[in-house]
Amino acid sequence: MSITGLYVSRLDALPKIFTELQRLNYTVVGYKVVNNVLRLDRLNTFEEVATGVEDVQNPGRYYLIPGNFHRHGPDSPKNFLYPPRLPLFEVSPEWGVVVKDYSKDLRLAFFGIKSCDLTSIKVLDRVVSDVDETYVSIRGNSVIVVENCTQPGNTCFCNTMGAGPRARDSFDIAYTRLGSKLVVEAGSDLGLKIINRLAVEPIDDSTYSEFESVMTKAALKARANFETENLPELLELRLESNAYKEVVKRCLGCANCNLVCPTCFCFDVLDVLRIDGSAERVRVWDGCLNYTYAQVAGGHFRPDLWARYRHFILHKFTYWIKQFGTFGCVGCGRCITWCPAGIDIRDSLLRVLKGGVI
Amino acid sequence: MRKESYKALIPLKSAVVKIRPETRNVVTYYVKLPDGVELPKPGQFNMLYIHGVGEVPISVSSISYEDRVIAHAVRFVGSVTNAFSTLKEGDHIGFRGPYGVGWPLDLAVGNDILLIGGGVGLPPLRPVIDEVRSARELYGRLVILYGARTPEDLLYTYEYDEYTSIPNTELHLTVDNPTNEWRGNVGVVTNLIRTVDVDPNNTYAFVCGPEIMMKFSVKELLKKGFKSNRIFLSLERRMKCGVGLCGHCQMGPYFVCKHGPVFPLWFISKYFWVDQI
């Protein structure tokens, strides 16, 4: 929730928020441009934050052009809260176990992530917070400064998934860039403390109507062609839809969708052997599109690609509700953008719902 | 509220106190439970870790309550299970468990029990036989149907006489490929279901075996008049964590490791018949 409601400051308040986070001993994580892609990374200075660029996202396409608003890249907060490769513990040949401790050194501040990614953190909270101490310790020390998304991209459908474009709760600070103005609100005591360092005024009528009109337009842009009401049930009634087989004619089974998804949480545990005979047990991301995902030594539960793609869709939109009480999709559109074949999950859902034709 | 944690992924050092070869590719490993670990219930499984190789889910095939030794029948099929063949008595393995939901013996009190096993599907049912033997008056008839590929693949042949000496108990065996010496039934275990005389309204059926065998078994049971709340199945999936976190074992919306592995048929009936769900 918002504690303060909306206040107005100037755009130059943003670097102040950034340095205040650093002063409070947070490592700031935000989007910067690396090799012509927006990457979520640790930032040393506010100047590193991507500026003057816009990401163009279409099915299977991603590039940057000059612009003044960016959304996201392939990385999501998951990369930091639930790292791709995480050594869990070491077992010596004498069976001494050394558990890795990640609780001390990580104080992360997510800066400028969008509402879809904030929602993805809320989803991960439900999925792993009771079961993953690493996640809990990193998450418990994290701060979220979210930017309301005034210009959703072509692959975005956060509004359909109830995940944006405006952040409503679970942030420390939410800000909105309106020309030279910055609309801010605090959602926590820490947020209050930081905003206290800025010069702010209560929002006035004309700024509010500009804010409202920008956010309404953004919400309309971030809608998909399906409704989520009854979606879990409708998909469950169409488990044997041929649409899955149609869609995967283009699928490469590369699992990019799993990797860029901000909520995909499946993992494998590998043994890494050391020269001294000890073994490190390492958690690595796995994805349901990988061929080996449901394979056992004596057989295979999803040998066909269409079955693995169906599991991806059903998990996000049907099973997740039963398992965790929310959708597993936040409508960020990354799986559409970063699919090398440009498979559009919005079209896939429509095909299943409408019996193969769209 | 879930209370597991990734620290639950840390195996406890446990001794292999006895090794018993069963068939050409199945060996039973008797593992001493580490202190503080609760005793498993029939139908549950444990995660066994071979140092530096990996972990596998193995169901509990007998429970020795006095000395806290648990039997695990391991079939050598993959890289981890094959590594078991290098173990000697006295060696150590890693242990986590017990995990999952077991057979509903509480529901079965006062009823007949029909056990249907295929291949290495018998070991998870074996603790049920022990349970019935030790509390014989609690249950009605015990009917065991067991099928394997060949007579050499039949597990626990050395204790079949003990099974049949339990009062009010029948054991019916069948093999797919008989040898010249085989004098028993030939064919799949579903044939036995057809011929056995059980009262579907007073019997709980516990089924464990390859998925295809379970599908045909369930069809026969339904034909016999069994309702879907009297048929229980132990499902197999890839399991890496055992606590419903790694995702691999999902069957529809269920984490088989946590919500199962034993399910009543009605509970999974939306998904059970769907190819590669």
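**Model and confidence.** This is a predicted model, in which local features need pLDDT of at least 70, side-chain atom pairs count only at pLDDT 80 or more, and totals for chains, interfaces and linings use all residues. Residues are numbered from 1 along each chain as its sequence is written, while chains are lettered from A and ligands numbered from 1 in the order in which they are written. The predictor gives the complex an ipTM of 0.93 and a pTM of 0.95. Chain B has an average pLDDT of 95, and 97% of the residues score at least 70. Here pLDDT is the predictor's confidence in each residue, from 0 to 100.

**Chain contact.** Chain A brings 37 residues to the contact and chain B brings 33. The chain B side has twelve nonpolar, twelve polar and nine charged residues. In this count Ala, Val, Leu, Ile, Met, Phe, Trp, Tyr, Cys and Pro are nonpolar, Asp, Glu, Lys and Arg are charged, and the others, Gly among them, are polar. Two residues are in contact if their C-beta atoms, placed from the backbone, lie within 7 Å.

**Core.** The largest nonpolar core holds 182 residues. Such a core is a set of buried Ala, Val, Leu, Ile, Met, Phe, Trp, Tyr and Cys residues joined through C-beta atoms within 7 Å. Those with the most contacts inside it include A:Ala109, A:Ile173 and B:Phe206. Helix H10 (residues 305–324) of chain A supplies the largest share of this core, nine residues. Leaving aside neighbours within four places in sequence, B:Phe206 is in contact with B:Trp103, B:Ile113, B:Leu115, B:Leu125, B:Val128 and B:Phe232. Helices (H or I, at least four residues) and strands (E, at least two) are DSSP runs, numbered from the N terminus.

**Strands in chain B.** Strand E1 (residues 12–21) and strand E2 (residues 26–32) run antiparallel, joined by five bridges. Strands pair if DSSP finds at least two bridges between them. A hairpin of four residues links E1(B) to E2(B). B:Lys18 stands opposite B:Tyr30 in E2(B). E2(B) also pairs with strand E5 (residues 69–75) of chain B, antiparallel, over seven bridges. There, B:Val26 stands opposite B:Arg75.

**One helix face.** In helix H8 (residues 265–272) of chain B, the buried residues are B:Leu265, B:Ile268 and B:Phe272. Seen down the axis of H8(B), they fall within an arc of 85 degrees, so they line one face of the helix. The arc is that of the directions from the helix axis to the C-beta atoms. These residues pack against helix H6 (211–223) and strands including E12 (231–234) of chain B.

A residue is buried if 20 or more other C-beta atoms lie within 10 Å of its own, exposed if 12 or fewer, and partly exposed in between, with C-beta atoms placed from the backbone.

| Residue | C-beta atoms within 10 Å | Class |
|---|---|---|
| A:Ile65 | 8 C-beta atoms | exposed |

A:Ile65 lies in strand E5 (residues 61–66) of chain A. B:Gly187 sits in the loop between strand E10 (185–186) and helix H5 (189–195) of chain B. B:Val120 is in the loop between strand E7 (112–118) and helix H3 (126–134) of chain B. B:Val120 and B:Val26 are 94 residues apart in sequence and 8.3 Å apart in space, C-alpha to C-alpha.
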